[in-house]
Amino acid sequence: HQGIDDIYARTLEFSNQVKVLRDLPLIRETGMQEADGEFDMETFLEGRLMRGNEAIGSTLTTGNNANRFIENQDYLEGGLRKKFFTGAEATISNRISTLSNNSTFLQPQHQGSSELVLSVVQPLLEGSGYHYNKSKIKLARFDANMASAEFVRQLQEHLIEVNRAYWALYYSRSYYILVQQLVSDTELILRQLEQRSDLDALQTEVLRARSSAAMRKAMLSRAEMAIRNSEERLRALVNDPNQDIGSNVELVPVTPPIMSRYVDGVQAVASDALRNRPEIDQGFNELRAAIVRRDMQKNEKRPTLNVVAELLLSDIDPNFGVGRAVNDQFGDGAGYNLGFQF
C-alpha cells in the first residue's frame, strides 16, 4: 500500500533520473571554485644548470690566452605570486646562483649571489577594476544558479510524471473494480435468462447476454493488464530497489483524490508563478549574466596600459658563498625600477 507522499519520498531517494539531474548543479558549482582559483596564492620554483663551452674570437672575451670560453652557472629561484581583484599581479622571489668561468674579468671568481625581487604590475585600462576581475566569479555564480533552477524545473517535471503514473494506477484499479462488478451483474442476468429459457426468455436474448458477458470478461482482462502496465510505469519512475520491475508485488494507492473544487484568481496564479517558477529565476540570471558580459567587453576594448614597479635586493660573495649572499643582501641598500607598458 503506497501513499502519494511515500511515492514522492522514494522517488527523490532512488530515482536514477533524479540522480542524474541533481549532479548538474554540483558540476556547475565547480566553475565558481575554478574562477575564484585565479586569485589564489601560487608558489613556483625554477632551477637551471648551465655549462658553456664556446670558441673565442677575441681576447677581450677572457682577457687571457685561452682558446675557449668556459663558464659554469647554476641558479635556483623560488617565490610566491598572487593576483588581486584590482587586476594587479604581485610576485616576490629569491634567486640564488653560482657563477665561475675562465675569464680574468670575473671578480670575484667562483661567485655565489642572491637576488630578492618584489614586482607589481597594475593594469590601468584593459583588465583593471574590481568589477571586471570579479566578473568570471559572478558569471560562474549565475551559471550555478541557472543550473539549480534547471534542476528544479526538471525535477518538477519528473514528479509530475510520477503523479500522473500514480493517479493512472488509481484510475486503472477503480476501473477494474467497476468492470468486475459489471461482469458479475452480467453473469447474474445471464443465469436468470438461462433459467427462464424454457418459459419466456428468447434464445436470442440468451445469446446476446452470453456475448455481453464474454465481452465484459475481455474488458476485465484488459483492465487487469492496464493495472500491471500502470504499476510498471510507476516502478520505472521511482526505481525503488525493493520493488523490482516485473515483480508480482501489487501496488495499491491509498491516497484518495481531492474531490473539493479549488478556485484561484488569474492574477494570484500569475503572481505566484513570477515568484516561484524556476524558469523566471533562470531568465533573470541570464539577463544579469548578459549585463556582466557586456561590461567585460567594454573593458577588453580598451588599450593595454600597465604600471610596473620592482624592488631589488642583491649581494655577491666569493667561493660560492650563497648563504652569506642571502644574509648580506639586506644590508647594502636596495634598487628599484619604475615603468609602464602601453
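Trainee: Let's start with an arginine: is R173 buried or exposed?
Mentor: R173 is buried, since its relative accessible area comes to 17%. Buried here means under 20% relative accessible area, exposed means over 50%, and partly exposed is in between (1.4 Å probe, protein chains only). Keep in mind that this is a predicted model, where local features need pLDDT of at least 70 and side-chain atom pairs count only at pLDDT 80 or more, while totals for chains, interfaces and linings use all residues. Residues are numbered from 1 along each chain as its sequence is written, and side-chain values use heavy atoms, with hydrogens and water left out.

Trainee: Which helix is R173 in, and what does R173 touch?
Mentor: R173 belongs to α4. Helices are DSSP runs of H or I with at least four residues, strands are E runs of at least two, and both are numbered from the N terminus. Not counting residues up to four places away in sequence, R173 touches I227, E231, E250, L251, V252 and P253. Contact means heavy atoms within 4.5 Å.

Trainee: And what about L169, what is in contact with that one?
Mentor: With neighbours within four places in sequence left aside, L169 is in contact with I227, S230, E231, L234, L251 and P253.

Trainee: Which residues make up the largest nonpolar core?
Mentor: That core has 11 residues in all: I4, I7, V162, A165, Y166, L169, I227, L234, L237, V238 and L251. α1, α4 (135-195) and α5 each give two or more residues to this core. A nonpolar core is a set of buried Ala, Val, Leu, Ile, Met, Phe, Trp, Tyr and Cys residues joined through side-chain atoms within 4.5 Å. There is also a second, separate core of 6 residues, including L190, L193, V206 and A213.

Trainee: How many residues does α5 have?
Mentor: α5 has 36 residues, and from first C-alpha to last it reaches 53 Å, close to the 52 Å expected at 1.5 Å a residue. That expected span is 1.5 Å times one less than the number of residues. Just after α5 comes N239, with a positive phi of about 60 degrees. N239 sits in the loop between α5 and α6 (266-276) and counts as partly exposed at 26% relative accessibility.

Trainee: Changing topic: how many cavities of 30 Å³ or more does the search find?
Mentor: The search of the whole structure finds 1, and the largest cavity has a volume of about 40 Å³. On a 1 Å grid over the protein atoms alone, a cavity is a set of points where a 1.4 Å probe fits but cannot get out, a pocket is an open set with protein on both sides within 12 Å along at least five of seven lines, and lining residues have an atom within 4 Å of a point. Volume is the space filled by probe spheres set on the points, with points joined across faces, edges and corners.

Trainee: What lines the largest cavity?
Mentor: The lining is I7, R10, L234, R235, V238, N239, D240, Q243 and L251. The largest share, 3 residues, comes from α5.

Trainee: R10 is in that list; is R10 buried or exposed?
Mentor: R10 counts as buried, at 9% relative accessibility. R10 lies in α1 and, leaving aside neighbours within four places in sequence, is in contact with Q2, S15, V238, D240 and Q243.

Trainee: Okay, what volume does the largest pocket have?
Mentor: About 180 Å³. Of the 14 residues lining the largest pocket, H131, Y132, S135, D295 and M296 are the closest to its centre. α7 gives the largest share of that lining, 6 residues.

Trainee: Which residues does Y132 touch?
Mentor: Y132, which lies in α3, touches G127, M296, N299 and E300, not counting residues up to four places away in sequence.

Trainee: Last one: which peptide bond is cis?
Mentor: The bond from Q107 to P108 is cis, with omega near -10 degrees. P108 lies in the loop between β3 (89-101) and β4 (111-123). H110 is in the loop between β3 and β4 too, and has a positive phi of about 55 degrees although it is not a glycine. H110 is partly exposed, with a relative accessible area of 38%.
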